[in-house]
Amino acid sequence: MEIDLTAGRTRLSLVPGPETEVYAYNGSVPGPTLELLEGDRVVVRFRNDLPEATTVHWHGLHVPADADGSPMHPVAPGDVYEYRFEVPAGTAGTYWYHPHPHHRTAWQVGMGLYGAIIVRAHDDPLPDSLPERLLILSDNRFTDDGAIDFPDPDSEQGRTDAMNGREGDVLFVNDDIMPEFSIRSGEVQRWRVINASGARIYRLALADHTFVHVGSDGGLFEHPVEVDEIILANGERAELLVRGTTRPGSRAVLQTLPYDRYMPKTRPADWEVPRDLLTLAYSDERPVDSEPIPDVLRSVTALDTAAVTDTRVMLMSQGRINSKVMDMERIDVSAELGATEIWEVENLVGMDHPFHLHGFRFQVLDRNGVPEPYRSWKDTVNVPKRERVRFIVRYNDFPGLWMFHCHILDHEDQGMMGVLEVGQPHTGIHH
Ligand SMILES: [Cu+2]
């Protein structure tokens, strides 16, 4: 499959009033949704028409290091880069793509560079007949003349943005503000939700409805789980079933509820106010019979804790991991190809930091010592204030240099990132 993708400058109408100068993939914000199938060989012919260097990172996809779009492989203005990868079996799920240049990620994503990737399975356990909806969640802030608002870093708002990560007061679902989604009473819909915000953490709830949570970053769980709400940190994804359980003609609002990820001194004044995201509008048609939801979705084979050869401790403080700021010349962790390891990620400070590992999906083992209730494939995990998360990962292939970092984009740009080197195993010689 061949895809042409260009990042460039353009003007779009994002909010009422004057048009906004944006950065866009193929002229749209969000960029085009890439639909892939397990087993696809993908070539993305990327062209950088921006006035600055950029990369395209395929968040969560298992790709070779030189196709990962990390800060190690910048694409200069005017240049072309071919990203080549194959989509492995068993990785059907919801992913996304965004720039990842050194120090400029918050700016470029804030300017409009992000898009969704859907990887489909040949044997999806959920019925094809379920209507599907994609929700790319993002937020932004605008000045009166319609420009995207990036304040002076030395202003009060600039300092708050640096601490919290830049949040916007305008909430978008795809390219819309407060869109209306339709549903028929009795219908079951499959929703894929992506948190593409630079810093906002969503706590999703739909009035008078529960969600059937069926999957996360790396695709479906083994079994569906019924929940009232879902917390989605930056970079995370969720797959949900929404059941049309109320009567024809009714309406329900999807909201993000208050979630205190902040330090008290920089908490936004309105953080306790729920925010509306979209309206779910029931048609007047008579109810349909609901599609049954399978009890078993797929198997998620546990990574083997008996095979673990090392534990990596990551202590996150404000802007730093293990007291260090990102250095492109430094290797922070060296591991052997094929090794299985545990990462113990601890947040030492009073603000949440979502942790993302490139290249290799992982399974959360426990949070603050409490075993994870069920297995799932993850690539990003929120580590709340002063909490600790342990996950297990196997570096199954693709030697090279891989990033790990906080996914609050301003924190990543400040250097809250490190480098994992995965190398060929040593052959019995100890040194
Ligand atoms: Cu952070």
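**A guided tour of the predicted model**

Begin with the whole protein on screen, bearing in mind that this is a predicted model: of its 431 residues, 42% count as buried. Colouring by secondary structure brings out 3 helices and 31 strands. The radius of gyration is 21 Å, close to the 22 Å that the globule rule gives for 431 residues, so the protein is as compact as a globular protein of that length. If you turn the view along the principal axes, the C-alpha atoms fill a box of roughly 75 × 50 × 45 Å. Of the contacts with a separation of 6 or more, 78% are between residues 24 or more positions apart.

Next, select the strands E11, E10, E9, E13, E18, E15 and E16, which in that order form an open sheet of 7 strands with mixed pairing. Strand E11 (176-177) and strand E16 (219-227) stand at the edges with a single partner strand each, so one side of each is left without a neighbour in the sheet. Within this sheet, zoom in on strand E9 (residues 132-140) and strand E10 (residues 170-173), which pair in the antiparallel sense over 4 bridges; there, aspartate 139 has leucine 171 in E10 as its bridge partner.

Then move to an open sheet of 5 strands, whose order is E12-E20-E19-E14-E17 and whose pairing is mixed. Here the edges are taken by strand E12 (180-183) and strand E17 (230-232), and each has a single partner strand, so one side of each is left without a neighbour in the sheet. On average, neighbouring strands of this sheet are turned by 25° against each other, direction ignored. Select strand E14 (residues 202-206) together with strand E19 (residues 251-256) to see an antiparallel pair joined by 3 bridges, where leucine 206 has leucine 254 in E19 as its bridge partner.

Finally, look inside the protein. In soluble globular proteins, nonpolar side chains tend to be buried together. Here the largest nonpolar core has 95 residues, and those with the most contacts inside it are Trp96, Ile117, Val193 and Leu240. Strand E30 (residues 400-406) gives the most to this core, with 5 residues.

Which residues does valine 193 touch, once those up to four places away in sequence are left out? Select valine 193 and display its surroundings, where you will find Leu135, Leu137, Leu232, Arg237, Ala238 and Leu240. Of these, Leu240 is itself among the residues with the most contacts inside the core.

Terms used: Residues are numbered from 1 along each chain as its sequence is written. This is a predicted model: local features need pLDDT of at least 70, side-chain atom pairs count only at pLDDT 80 or more; totals for chains, interfaces and linings use all residues. Two strands pair if DSSP finds at least two bridges between them. Helices (H or I, at least four residues) and strands (E, at least two) are DSSP runs, numbered from the N terminus. Axes are lines fitted to C-alpha atoms, for helices over the stretch in contact, and angles run from 0 to 180 degrees between N-to-C directions. The radius of gyration is taken over C-alpha atoms; the globule rule is 2.2 Å times the number of residues to the power 0.38. A residue is buried if 20 or more other C-beta atoms lie within 10 Å of its own, exposed if 12 or fewer, and partly exposed in between; C-beta atoms are placed from the backbone. Two residues are in contact if their C-beta atoms, placed from the backbone, lie within 7 Å. A nonpolar core is a set of buried Ala, Val, Leu, Ile, Met, Phe, Trp, Tyr and Cys residues joined through C-beta atoms within 7 Å.
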